[in-house]
Amino acid sequence: MDTNPYFEMFIDESKEHLQSCNEHLLELEKNPQDLAIVNEIFRSAHTLKGMSATMGYEDIADLTHMMENVLDAIRNAKIPVTTEILDVVLQAVDYLEEMVMDLAAGGTGKKDVRELVESLNRIEAGGSAIAVSAAETAATIVVEENSEKVELSYDDYEMTVISQSFEQGFNALEITVQLREDCVLKAARVFMVFGILEKVGEIVKSEPKVEQLENEEFGETFTVALITKEDANTLQGKVMKVSEVESVTITVLTDDYLANGKRAKEDEAIKAIETAIVTQKGPSVQQEQTEQKGKRNTGVQSGNKTIRVNIDRLDILMNLFEELVIDRGRLQSIASELHNPELNETVERMTRVSGDLQSIILNMRMIPVETVFNRFPKMVRQLARDLDKKVTLEIIGAETELDRTVIDEIGDPLVHLIRNALDHGVESPAERLAKGKPEEGTVTLRAYHSGNHVFIELEDDGAGVSRERVIAKAIANGVVTEDIARTMTDRQVAELILASGFSTAEKISDVSGRGVGLDVVKNTIESLGGYISIDSTEGQGSLFQVQLPLTLSIISVMLVELEKEVYAIPLSSIIETAIIQKSDILNAHNQKVIDFRGNIVPLVYLKEIFEMPEQHDESDEFQSVVIVRKGEKLAGLVVDSFIGQQEIVLKTLGNYLQSVFAISGATILGNGQVALIVDCNSLIK
Amino acid sequence: MTEMLNQKEMKVIVFQLMDKEYAISVDVVQSIEKMLSISRVPKTPSYVKGVLNLRGVVTPIVDLRARFGLAGKEMDDSTRIIIVTLEDYDVGLIVDAANDVLDIPVESIESQPEVVGSVEVDFISGVAKVEKRLLVMLNLDKVLEPIKRVTSDDL
């Protein structure tokens, strides 16, 4: 079977199920008595097992199976929930995650899990073995053999459903019902039989198909495959109660039977044609099943209907839409020239509709920050144990939405900040008690919208930043001079820990050491067009605040003109614009500079940098300058004129022009022309 | 099976530069456009004319005359931009004229002669003789090696 079309879906869904396992396991640790949570975990694990078995990833299926056995024992109250057991189960989830990630990265998804399987087995041996074997014996009882019975054939999907139901302790029955020859309302009898069966279990398949049964397109007999916990004899009695039923034959399916049936099916060439017909009609049955499943799921989960869309498709949609906007602009200008009221009206309507469309398209790219946040609870649990600290993590505003492009980038910086907060922020329980704080530290992760930005805050009630230690270290590392340090505010001092080459750790620890400091976090966030700031009170805790743009695909820029060419300078790098007199330009070792509010700022002549083909002599007394910054350094970009501020959609130059000096991308202007975006960082050394 | 068939005939787009006809496989051609307004990209090799907006996608444009070291020419009504898609990037090629689409028998393609005009031999994958026409088959991968690092040598 070619599994490629389902591969991505499998990976995505596996990740979701594993995440759900993680979350619920952590919840379970807090409420060990809540068996509903165990059921939730069991459900996720079970689905994962089924999916991976169908996809042929036996290792994942096997490990999940072992995990499931342990969970089953827990939910049947055979073994109690303890931290040790949860550790092993969480580790199993970790392993599964690794295997899935390996698959996603093109690997084989194989991993040595023997040790883990042993520990799972040991846990499970706590008392559940009896229950499993009992279910197996029950499944092998054959109630009655009848020569008349119709043998059903099953496709792979149905086989998986049936064999999974065995593992859950269900029976699979093939029920052949014979109606009396003189039966008048055959469809009604079928309906009644189905009614009984559906009450006690789930119908996997019927022969003839449900539609044919409903239309009375069958003789006197029909066969149904049912998954149920009901005993075959009782069921037979129940179905016999339906009037005009001649006889009911029930066969209990076993694993062996299924395996044999499959082989037999392959041998018979004639039957192959039939199977072909069956598979053609197959989707309707499957669809019914998924519909049924869907109904059940909606009861448990939220009623949201969603589909997965590849982000590339959204990008294409966005591109096409921009074309539309450009044409709209042309239409608008034509309409304003023609003064035709009907045309004007239509163009206005179109403007409104396309405006709405634009916000919908942008919204489609938004996903809740939850997708990043939800890996942190487990990380914090593990870190707190490694560090011998007691920490609770509070998450607020996980539903806050951000553009997919930003979400992909903020994970690592946040991991770094959280590690930092646990390692350097929160004190050990003993220290905390000595300071009169509760033994358990609290770390709060908060996300919220404000204007065109999203704020993510990480707050801890730990030790805070020690002014003396930070200043001492900063001076030792040459980050600041003693004089400057004395005049710095507490906040400025706190933010020194973001300076490059700075780490307050007195020794490098496993947790946040890793050879990189918070400066990496700062750089990443700034490269996203965001800011990070720190508020800290010594002894009471710190607050790291990260401000991020809602989306990376739309940025605010200042459009400027150089001769006839238009360039865009990102507003995030601009400090301000100025018009200076030529006489204010000074010369400092072959570099033209200006005095900008007491700072000496070097001038960058964009026309020279960009090698304008024809440069007109500046007879103008005044020059337009955009003051830009890179970190603490400033530069003044000399341009011909300012056009104005505008929101633009960021586009790449493509793979052919992989890196062009001082150009970070391009955008399309309202007139359809391409304007290049200036990369200020590469202009400042 | 299909490979066998494809090997007998090859569909190509024929275009003109100076007085010569060149051919590229139709498979890589996405579209042929009339001249559009191009924005110059600074600090790129001189044969990179710039970028243009191709239905919302910023597409780099290469002037084939400049790439082949031929004399420049004013754009006119017959000037065309052939948009080609190679592996993972799209590039537009400015040509004097895009004449037609031809099916050429594969056996009519010969390996390149020692000297073919002034175009670098590396760029040519072969020469096809179709009736009385001589078509120069281009090796686009060589013609359009992505510009990774812009050094002063390239300028």
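Start by selecting A:Arg75 and A:Phe42: the arginine lies over the face of the phenylalanine, 3.7 Å from the ring centre. Keep in mind as you go that this is a predicted model.

Now hop to chain B for another charge over a ring. Select B:Arg67 and B:Tyr47, and you'll see the charged end of B:Arg67 over the tyrosine ring, 4.3 Å from its centre.

Next up, rings with rings. Counting over all chains, there are nine aromatic pairs. One of them is A:Phe194 with A:Phe222, a tilted pair with 6.2 Å from centre to centre and 35° between the planes. Colour by secondary structure here: A:Phe194 belongs to helix H8 (residues 186-200) of chain A and A:Phe222 to strand S3 (residues 221-228) of chain A, so the pair ties together parts that are 28 residues apart in sequence.

Back in chain B, select B:Phe15 and B:Tyr22. Their ring centres are 5.8 Å apart and their planes meet at 15°; since planes under 30 degrees apart count as stacked, this pair is stacked. B:Phe15 and B:Tyr22 are buried as well.

For the last stop, go to A:Thr667 in strand S21 (residues 663-668) of chain A. Is A:Thr667 buried or exposed? Its relative accessibility is 0%, so A:Thr667 counts as buried. Show what surrounds A:Thr667: setting aside neighbours within four places in sequence, its contacts are A:Ile648, A:Val649, A:Gln673, A:Val674, A:Ala675 and A:Ile677.

How values were computed. Residues are numbered from 1 along each chain as its sequence is written. Chains are lettered from A and ligands numbered from 1 in the order in which they are written. This is a predicted model: local features need pLDDT of at least 70, side-chain atom pairs count only at pLDDT 80 or more; totals for chains, interfaces and linings use all residues. Side-chain values use heavy atoms; hydrogens and water are left out. Rings of Phe, Tyr and Trp (its six-membered ring) pair if their centres lie within 6.5 Å; planes under 30 degrees apart count as stacked, over 60 as edge-to-face and the rest as tilted. Helices (H or I, at least four residues) and strands (E, at least two) are DSSP runs, numbered from the N terminus. Buried means under 20% relative accessible area, exposed over 50%, partly exposed in between (1.4 Å probe, protein chains only). A charge sits over a ring if NZ of Lys or CZ of Arg is within 6 Å of the ring centre and within 35 degrees of the ring normal. Contact means heavy atoms within 4.5 Å.
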